[in-house]
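Open the model in your viewer and keep the selection tool at hand. This tour goes stop by stop.

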Amino acid sequence: MTTAEKPLKVVVWDLDNTFWQGILLEDGDVEPREGVAEAVRELDARGVVQSVASRNDAATALARLTELGLAEYFLVPQIGWGAKSESVRRIAEALNLGLDAFLFLDDDPFEHAEVSRAHPQVRTAEFTDAAALLTRPDLAVAPGTPDGSWRRLQYRTDLRRADAEQEFTGTPDEFLATLGLRLTVRHAQPGDLRRAEELTVRTHQLNATGYTYSMAELDELRSSASHALLVAELADRFGDYGTIGLVLVEQGAELWTLKLLLVSCRVMSRGTGTVLLNHVIGRAIEQGVRLRGEFVPTDRNRPMQVAYRFAGFAPAGEENGVMLLEHRGGTAPALPAHLDLRSAF
């Protein structure tokens with residue numbers, strides 16, 4: 001899948017002559033361009049996060065967005081007089097999302113060129129009309145997908161966590177201990193399949209293989225006697241992160257194979273991927289079976305490769321271009337003190 005084909009996770013809007021008609025500092029009563037408000041709400045319902053990169057007076061622009069009833073849809077808006085590429089970078093950093101999942105909308109070709117020069121992986125476009133934007137293949141939504149506005153709310157909660165962490169004066173481990181992290185691992189149910197499919201498509205960095213599965217394929221695996229399809233949910237004192245991980249284990253009589261292990265990048269700093277991997281290791285040891293993991297290296301999933309190595313996996317050959325890693329340790333690492341694991345697996 002090329003960058004241009006990957007689903008977009010974030011749309012960043014310019015304001016003057018893009019989001020609204022005219023220039024705010026010349027006309028304080030600017031109105032959104034035709035179809036823009038509807039497009040913002042529709043993108044939000046699809047689970048697309050939105051932000052702003054605008055050269056403007058921040059207080060004036062945010063006040064106008066609030067008057068229009070649209071300010072709540074934009075996370076970490078970057079409004080000031082600096083380069084748009086720097087604004088996009090700060091948004092990506094705050095949301096902990098890769099720039100290849102960004103679409104930047106602006107009426108000025110110079111701004112497109114400036115952002116593209118600094119961040120070639122960012123897709124850029126001029127907003128022409130809502131229909132053209134909403135019919136982009138990389139913004140498509142599958143029929144029957146539930147309302148995705150929860151994603152924006154979860155990111156807002158993430159930003160509150162980030163603010164609390166920045167204000168905390170102790171070590172990162174000490175901060176984790178204050179969160180009351182609770183990880184729940186359970187067998188996937190029919191209601192989990194839409195989110196599970198989305199995770200296989202959207203998650204690239206903490207993903208051991210990059211395999212994608214349709215809902216139908218996941219449902220078949222969920223019902224298979226020779227497979228365990230597991231979902232992982234995370235919560236803390238700030239609220240629920242939702243379903244943040246997916247595990248697929250092929251279970252033979254003497255050998256288990258991890259076909260899929262992925263964790264949302266949103267929880268990378270919580271150590272959840274390592275905990276999930278160690279939990280599967282522990283279950284394999286309890287059952288007296290060998291444990292292998294399939295691994296397909298990419299330019300982004302090295303953190304997962306490091307996690308396998310530190311968990312005691314060693315190369316065990318290659319099959320159809322897929323690396324095979326086998327666990328060589330006799331015991332599973334202990335659960336970190338900052339996290340409570342609840343598992344039905």
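This is a predicted model: local features need pLDDT of at least 70, side-chain atom pairs count only at pLDDT 80 or more; totals for chains, interfaces and linings use all residues.

Residues are numbered from 1 along each chain as its sequence is written, and side-chain values use heavy atoms, with hydrogens and water left out.

**Stop 1: the largest nonpolar core.** Select Leu258, Leu261 and Tyr308. Of the 38 residues in this core, these three touch the most other members. A nonpolar core is a set of buried Ala, Val, Leu, Ile, Met, Phe, Trp, Tyr and Cys residues joined through side-chain atoms within 4.5 Å. Buried means under 20% relative accessible area, exposed over 50% (1.4 Å probe, protein chains only). Elements giving two or more residues include β8 (239-251), β9 (255-263) and α11 (302-310). Helix α10 gives the most, six residues. Helices (H or I, at least four residues) and strands (E, at least two) are DSSP runs, numbered from the N terminus.

**Stop 2: Leu258.** Show its contacts (heavy atoms within 4.5 Å). Beyond four places in sequence, they include Val247, Leu277, Leu291 and Tyr308.

**Stop 3: α7.** Select Phe175, Leu176 and Leu179, which are buried. Look down the axis of α7: its buried residues fall within an arc of 100°, so they line one face of the helix. The arc is that of the directions from the helix axis to the C-beta atoms. These residues pack against α6 (149-167), β6 and β7. Now turn to the opposite face of α7, where Asp173 and Ala177 are exposed. Finish at Gly180, which follows α7 and has a positive phi, near 65°.
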